[in-house]
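Please keep the sequence and the model in view while reading.

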Amino acid sequence: LFFNTQSIRHKLMVIGLTTTGLVVLLFLMASGLLIREFFNAKQTMQRDLSAQAQLIAENSSAAVVFNDRAGATEILSTLNTSPIILEAAILLPNREVFAWFQRKPLQNKQDDPPDKLLTHPAIDKGDLTVNSDITVDGKHVGTLRIGATLQPVYDRLLVFSLTVIVLTAAGLGVSFFLLRRLRNSITGPLL
């Protein structure tokens with residue numbers, strides 16, 4: 001009833017604002033989904049990495065107990081199959097590096113274990129680090145630390161963000177086009 005008593009100009013403005021508002025609302029909803037997707041993907045990656053760390057920690061317990069550094073290093077080298085893992089180390093209870101794996105050696109340190117654990121540049125940016133205790137018969141004999149990159153998550157979010165931006169721009173473009181046609185069809189005969 002209220003809408004019927006308004007002028008044509010006012011009706012067009014209300015229709016335009018409503019249409020544009022719906023596009024903006026869809027953009028905000030997509031942005032919310034984007035944020036949720038980021039945290040879900042990060043949580044899933046952390047859960048998967050923790051499970052992998054527990055398996056590696058269990059497999060390396062004998063190597064730590066029998067002081068088999070070569071065996072522990074070989075176990076850590078199996079992490080090479082996971083492209084997100086950048087670096088891993090087995091630390092003894094006194095924080096000494098027992099075994100170490102790094103995907104890409106740092107330029108200044110080719111084969112030496114790090115002075116500071118997990119020194120890969122991506123880890124320094126705070127991507128993802130997981131710890132798992134190495135125990136034998138309930139006794140703590142070491143800690144496994146794994147550092148991974150969240151780059152696959154960032155790549156997915158970038159694609160999703162660009163899709164949201166393109167769809168929002170397309171929605172606004174279609175909205176503008178339809179409103180212009182509607183305005184011309186209504187006001188054209190009057191002018």
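Among contacts between residues at least 6 apart in sequence, 60% join residues at least 24 apart, a contact being defined by heavy atoms within 4.5 Å. The model is predicted, so that local features need pLDDT of at least 70 and side-chain atom pairs count only at pLDDT 80 or more, while totals for chains, interfaces and linings use all residues. Residues are numbered from 1 along each chain as its sequence is written, and side-chain values use heavy atoms, with hydrogens and water left out.

The chain contains four helices and four strands, arranged along the sequence in the pattern α-α-β-β-α-β-β-α. These elements are DSSP runs numbered from the N terminus, helices being H or I with at least four residues and strands E with at least two. Of the 191 residues, 34% count as buried; buried means under 20% relative accessible area, exposed over 50%, and partly exposed in between, with a 1.4 Å probe and protein chains only.

Two salt bridges are present, each requiring a side-chain nitrogen of Lys or Arg within 4 Å of a carboxyl oxygen of Asp or Glu. In one of them, E37 pairs with R156, and the closest N and O atoms are 2.0 Å apart. This pair links distant parts of the chain, since E37 belongs to helix α1 and R156 to helix α4, 119 residues apart. E37 is partly exposed, at 30% relative accessibility. The side chains of R69 and E96 also form a salt bridge, at 2.8 Å from N to O. Because R69 lies in helix α2 (residues 69-77) and E96 in the loop between β1 (85-91) and β2 (97-102), this pair ties together parts that are 27 residues apart in sequence. R69 is partly exposed at 35%, and E96 is partly exposed at 34%.

Two aromatic pairs are found in the whole structure; rings of Phe, Tyr and Trp (its six-membered ring) pair if their centres lie within 6.5 Å, with planes under 30 degrees apart counted as stacked, over 60 as edge-to-face and the rest as tilted. F38 and F39 form an edge-to-face pair, 5.2 Å centre to centre with 70° between the planes. F38 is buried, at 17% relative accessible area, whereas F39 is exposed, at 51%. The rings of F38 and Y154 are stacked because their centres are 6.2 Å apart and their planes stand at 10°. Y154 is partly exposed, at 35%, and F38, F39 and Y154 form one aromatic cluster.

What surrounds T149 in the model? T149 lies in the loop between β4 (139-148) and α4 (151-187) and is buried, with a relative accessible area of 11%. Apart from its neighbours within four places in sequence, T149 is in contact with M45, I84, L86 and D127. A polar atom of the T149 side chain lies 3.1 Å from the backbone nitrogen of Q151.

Methods: A polar contact is a pair of N or O atoms within 3.5 Å; within protein, one must be able to donate a hydrogen and the other to accept it, and residues adjacent in sequence count only if both atoms are side-chain atoms.
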